[in-house]
Amino acid sequence: MTKENRLSREEFLKATYLMGGAILFGGFTENLADFSIPALPGEKDPEKEKGLVLNGEIKEILSLTPRLSFDKAGHLLHLDDNQILPVSLVQTGNDKYRRQDEGEKIENVLLMIHHFDGGAPRRPFASKDRTADTTVYGLDHPNWSLENVSTPTVHFCVDNYPVNPEGNKDAGFGILQSQKESGNVMHPTKGQHVFIGINRANGMPDINKKNTLSFMNELEIVSNLGDQKMGDDINSYSLGYEQVGWYFSRSFPEHFPENRQIANVFGLSLAVSAEYKLGPWDNVGHHEVQEKADPGDEFMLLIRYLYGVSVFRGLIDKKLVFEDDSPKDYFGKIKNYFLARAGKHAAERYKKWNEIYGMDRFINSLPDRA
Ligand SMILES: [Zn+2]
């Protein structure tokens, strides 16, 4: 196709829609029939029209957010300007091994668990950030060994590069799928990324999930985390992803991921939300369910902030994010939840975070009822 007769992005998307995904892209056409195309991020500025004040950081993240969706088999697809391709597949050893006996399937996806991989984003003397395939390597070579527990595995890994379906260790991946598609998007193969046991320091039962649920109850927050049938078996009801990096909360924002990586995570979260009808409170950090540091309260606050502002861009169903609350109540809740769980320096931590992302100004620009 020459430059002259290349369709514009809008024309292209319209054409794909009308043809029901009949355009040929490798071997994936059969799965594109019910492929839904969300609104384009960053192409309009509805906040400005409504008098809402969204700061530059948030606008940049939204403009970098990739457009992703699943096909029926469970491939995560990336929509580029002129093509739809599945993201790279780099399987974890755990996933490869158990494919032989058809790993167990998730019956109902209730949660999306957010992690970081715990390694420095850039190796000493390296000129570029590490890529997501090193996360897979890390999962295959954990620095612990538990008897009768195989190596961990997650569904996706994310790095600080543009989404690249032909990714490699030099160009990066943006997002890669680290477990093979199961054949049925509604029943992905189970991951192994949350191991709730006892607190290794004091031998007491791990209480983070319990604490999270009580903070949520106090603020009348509804989350699938409270679903009775799940109990502590979170792996059987959740998708999980790892991202490059460590210590997001420690001396914030020193180790916090860059906007590109946050955008990749958020694009993935939106695709998961659309497919499984998960809201912002069904997206939980590993530290919210287990006594771990990843990814930390600042990170989950940002993800929930992005969920809220996405409603104004038409990127996600309003009801899924705000439920019966007004937008003002929703943003107030995510702030109060952070303050409740972030410990004795919560107010100071919030102030630092808010200086970067400007949520208070955004809240003040919202009408009382909208
Ligand atoms: Zn984790």
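In the predicted model, helix H3 and helix H7 meet through two sets of side positions: Glu57, Glu60, Ile61 and Leu64 on H3 are in contact with Asn259, Arg260, Ile262, Ala263 and Phe266 on H7. Classified by residue type, this contact of H3 with H7 comprises five nonpolar, three charged and one polar residue. Among the contributors from H3 are Glu57 and Glu60, and those from H7 include Arg260 and Phe266.

The geometry of the helix pair was examined next. Helix H3 spans residues 56-64, and its axis comes within 8 Å of that of H7, with a crossing angle of roughly 55°. H3 and H7 are therefore oblique to each other. The crossing by which H3 passes H7 is right-handed.

The model also contains an open sheet of six strands, arranged in the order E4-E7-E6-E8-E5-E9 with mixed pairing. Its edges are formed by strand E4 (88-89) and strand E9 (283-285), each of which pairs on one side only. Within the sheet, strand E5 (residues 111-114) runs parallel to strand E8 (residues 238-243), and four bridges connect the two.

How values were computed: Residues are numbered from 1 along each chain as its sequence is written. This is a predicted model: local features need pLDDT of at least 70, side-chain atom pairs count only at pLDDT 80 or more; totals for chains, interfaces and linings use all residues. Two strands pair if DSSP finds at least two bridges between them. Axes are lines fitted to C-alpha atoms, for helices over the stretch in contact, and angles run from 0 to 180 degrees between N-to-C directions. Angles under 35 degrees count as roughly parallel, over 145 as roughly antiparallel, 65 to 115 as roughly perpendicular and the rest as oblique. A crossing is left-handed if the near helix is turned anticlockwise from the far one by less than a right angle, and right-handed if clockwise. Two residues are in contact if their C-beta atoms, placed from the backbone, lie within 7 Å. Ala, Val, Leu, Ile, Met, Phe, Trp, Tyr, Cys and Pro count as nonpolar, Asp, Glu, Lys and Arg as charged, and the others, Gly among them, as polar.
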